[in-house]
Amino acid sequence: MLSGLADFAQSPDGAEMLTTALYGGVMHPSGMPLQAWINKIFVFLGPSHPGWMLSLVSWLGHWGSVYLFLRVLDFLRLSWPTRLISVLSYAYFPVLWRLALQPEKYTWLALTFWLCIHLFLRLQEEKNFRLAGFAGLAFAFSLAQHSAALVLAPAFILTLLYQERKSATLALLVNTTITFGLYASLLFLRRPDGGWVDWGQLESLLDVWNHFWRADYGTLNLHTRLVGENVRRGSDELLA
């Protein structure tokens, strides 16, 4: 199965991830600091081709999300045939499986998403100080993977309403501290030579804030006219 992992980027996002892992720089909004640091660790420690190592990161994220999806189904007490069909459908759904075999960001977004859902569901049934802290950490990781995780904010807040005040305070403190710390770390990923990729030319925490809110696109807009130009520049640099 691992022999099917791509050795090189298969998409613009993958090219950007590979470039930043090798040479530094900040990825497009929201910056995805969790993915950026994971990529750097795997490329630095990995014994194989950097592109293959980033594909391995995606593959591990995919199977982690499959496991957590199964845990959520277990929590819902569904019948075993329903769980089996659901898990197999999720694991080998063509779009998700394709993303699992190449450098991409979505498998780790799915992993952190299902981790949050799993912990939120558990906290609906029990008041647990330590588990609340883990829930805050999981939501921080999800936000640090992509700002799309903001869709989980209502569920996070609702979950905390079921907890004692000290547990809710811990979860909020952990979430705020870790999220802020990971996004602030984008300042350490800047390319001193000003080369591609280095979105936003971040120089301050205000720049990081604007990057999180996708200001380069128009706040929370999912498209930018700069994409084509940035892809061309990245391809030129990788092939140089």
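Which residue forms a salt bridge with Asp13, and how far apart are the closest N and O atoms? The legends below take up this pair after an overview of the model.

**Overview. The predicted model is built from helices.** This is a predicted model, and its secondary structure comes to 11 helices and 0 strands. Of the 240 residues of the protein, 50% count as buried, and the accessible surface comes to about 12,200 Å², with 67% of that area belonging to carbon and sulfur atoms. Among contacts with a separation of 6 or more, those between residues 24 or more positions apart account for 70%.

**View 1. Asp13 and Lys105 form a salt bridge.** The partner of Asp13 is Lys105, and the closest N and O atoms of the two are 2.2 Å apart. Asp13 lies in helix α1, while Lys105 lies in the loop between α5 (94-100) and α6 (106-125), so the pair ties together parts that are 92 residues apart in sequence. Asp13 is buried, its relative accessible area being 19%, and Lys105 is buried as well, with a value of 3%. By the rule used here, the protein has a count of 4 salt bridges.

View 2. Arg77 is found in the loop between α3 (50-75) and α4, and its phi is positive, at about 55°, although the residue is not a glycine. Most residues other than glycine have a negative phi. The closest N and O atoms of the salt bridge between Arg77 and Glu125 are 3.9 Å apart, and the pair links distant parts of the chain, since Glu125 belongs to helix α6 and the two residues are 48 residues apart. Both Arg77 and Glu125 are exposed; for Arg77 the relative accessibility is 63%.

View 3. Pro29 and Ser30 are joined by a cis peptide bond, with omega about 10°, and Ser30 is placed in the loop between α1 (12-23) and α2 (33-45). Most peptide bonds are trans. Met32 also lies in the loop between α1 and α2, and its phi is near 50°, a positive value in a residue other than glycine. With a relative accessibility of 1%, Met32 counts as buried, because the cut-off for that class is under 20%.

**View 4. Ser147 touches residues from other parts of the chain.** Ser147 is located in the loop between α7 (129-145) and α8 (153-161), where it counts as buried at 6% relative accessibility. Leaving aside residues up to four places away in sequence, Ser147 touches Ser30, Tyr183, Phe212 and Arg214.

**View 5. Helices α9 and α10 pack against each other.** Helix α9 (residues 165-184) and helix α10 (residues 205-212) pack at an angle of about 105°, and their axes are 10 Å apart. The two helices are therefore roughly perpendicular to each other. On the α9 side Phe180, Tyr183 and Ala184 take part, and they meet Leu205, Val208 and Phe212 in α10. Tyr183 and Phe212 are also among the residues that Ser147 touches.

**View 6. A nonpolar patch includes Trp80.** Trp80, Leu84, Leu88 and Tyr92 form a nonpolar patch on the surface, and together they have about 460 Å² of accessible area. Trp80 is placed in helix α4 (residues 80-91), and this residue is exposed, with a relative accessible area of 60%.

How values were computed. Residues numbered from 1 in each chain as written. Predicted model: local features only at pLDDT ≥ 70, side-chain atom pairs only at ≥ 80, totals over all residues. Heavy atoms only, no water. Patch = residues over 30% accessible without salt bridge, like charges linked within 9 Å, V, L, I, M, F, W, Y side chains within 5 Å. Areas by Shrake-Rupley, 256 points an atom, 1.4 Å probe, with all protein chains shown as cover. Salt bridge = Lys/Arg side-chain N within 4 Å of Asp/Glu carboxyl O. Helix = DSSP H or I, 4+ residues; strand = E, 2+ residues; numbered from the N terminus. Buried < 20%, exposed > 50% of the residue type's maximum accessible area, 1.4 Å probe, protein only. Axes fitted to C-alpha atoms, helices over the stretch in contact; angles between N-to-C directions. Parallel < 35°, antiparallel > 145°, perpendicular 65-115°, else oblique. Contact = heavy atoms within 4.5 Å.
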